[in-house]
Amino acid sequence: MQAERNTAVSAAHAAGQLAMVIRREAFQQEDTMEKIGREPVTVADFSAQAVILKMLAQAFPDDGVLAEEKAEDFTRLSGERTHAQVLHYVGQAVDQSVTADDISTWLDFGRGKGNRRFWTVDPIDGTKGFIRGDQFAIAIALIVDGIVEVGVLCCPAMPFDPARPDSSGGVIAAAVRGEGTSLLPMDDISKQHAASVTTVPDPEAARVVESVEKKHTDHGFSARVLEEAGVGGDPVRIDSQAKYLAVADGRAEIYIRNSRDGHVERIWDHAAGALVVTEAGGRVTDLDGKTLDFSRGAYLDANRGILATNGPIHDPILAAIEAVSQR
Ligand code: AMP
Ligand code: MG
């Protein structure tokens, strides 16, 4: 899987750099478009996905893809200005002049192929964090026969060195099943070191991350679970799969997510992050302790919520979830 891993790292890196350029230069709040279901989408979502899928198509032309954005939405939602911006920024990233047809072809590459081997891509995970100027992630995973084999997260707004929270640069986490997770600084991806979760043994000392958006997770539920388990501090709220990176890199011990209003989790929001954590030595299940089932298409519809931990803390938190859920 080395070729797959390296291609995913290059694609996530290119998309992450592009997203930061767009956020600095071009992004304005009013540029946000709304998809069905009122989820926001921006120039950066379409641009990043076009760049990523172009690179995947070039390296692995036979693979399938399940990615968040659709060519149809690009055509339907983007006005003249955002359309031109996507052509400009993608052209800059791929170093060639680009037409709207190129963008549409790349955005939909591999869609609906139904392969047993496919990539799942969230070009800008945590779009709301991207818009707010907070955390977001580029997420790319390869799934073969329902098993995540490669997972790459690029978090451009996360410091590489947690001891220096003001240092910019961004961080990439790259995992291959059975081979561990490595961390690469975005400003020099030839450097890397192994990621590993902490060995914190009990909930009292655990640090917790959860979503910023109260629509995406039930903050009240996690507060009850953490109190039941005896976790001391308050959760830190971070957008996107940067939460999984935080657990994998020993910056936190627990990521808990309980969706609201019957929302079923999408695979592109979890496949890369889950492998990044398990390959760093952690554990990932749903809130009932079940393995995440990535064999069912776009949705994790056999699972309820997410629990990712450093490992030792997992069972005590599952017990607290059970106690709270039975009340
Ligand atoms: P986060 O940044 O962790 O809050 O997660 C961002 C992701 O939440 C987005 O990519 C959406 O796919 C997903 N999402 C959207 N609506 C919901 C919802 N009601 N419950 C859970 N996740 C959602
Ligand atoms: Mg997402």
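This is a predicted model: local features need pLDDT of at least 70, side-chain atom pairs count only at pLDDT 80 or more; totals for chains, interfaces and linings use all residues.

User: Okay. Which residues of helix 2 meet helix 5?
Analyst: Phe46, Gln49, Ala50, Leu53 and Lys54. On the helix 5 side they meet Ile103, Trp106 and Leu107.

User: What classes of residue make up that contact of helix 2 with helix 5?
Analyst: Six nonpolar, one polar and one charged.

User: At what angle do helix 2 and helix 5 pack?
Analyst: About 70°, with the axes 8 Å apart. Angles of 65 to 115 degrees count as roughly perpendicular, so helix 2 is roughly perpendicular to helix 5.

User: New topic. What coordinates the magnesium ion (ligand 2)?
Analyst: Asp122, Asp125 and Asp269, each through OD, at 1.9 to 2.3 Å. The donors follow the spacing D-x2-D-x143-D along the chain.

User: Is Asp122 buried or exposed?
Analyst: Buried. Its relative accessibility is 1%, and the cut-off for buried is under 20%. Asp125 is buried too, at 7%.

User: And where is Trp268 placed?
Analyst: In the loop between strand 12 (254–257) and helix 9 (271–279). Trp268 is buried, because its relative accessible area is 11%.

User: How far apart are Trp268 and Asp122?
Analyst: 146 residues in sequence, but 5.4 Å in space, C-alpha to C-alpha.

User: What does Trp268 touch, leaving out residues up to four places away in sequence?
Analyst: Asp122 is one of them. Others include Leu66, Ala67, Glu68, Thr120 and Val121. Ala139, Gln241 and Ala298 are also touched.

Key:
Residues are numbered from 1 along each chain as its sequence is written. Chains are lettered from A and ligands numbered from 1 in the order in which they are written. Side-chain values use heavy atoms; hydrogens and water are left out. Donors are N, O and S atoms within 2.8 Å of the metal (3.2 Å for Na, K and Ca); water is not among the atoms, so sites may look incomplete. Buried means under 20% relative accessible area, exposed over 50%, partly exposed in between (1.4 Å probe, protein chains only). Axes are lines fitted to C-alpha atoms, for helices over the stretch in contact, and angles run from 0 to 180 degrees between N-to-C directions. Helices (H or I, at least four residues) and strands (E, at least two) are DSSP runs, numbered from the N terminus. Angles under 35 degrees count as roughly parallel, over 145 as roughly antiparallel, 65 to 115 as roughly perpendicular and the rest as oblique. Contact means heavy atoms within 4.5 Å. Ala, Val, Leu, Ile, Met, Phe, Trp, Tyr, Cys and Pro count as nonpolar, Asp, Glu, Lys and Arg as charged, and the others, Gly among them, as polar.
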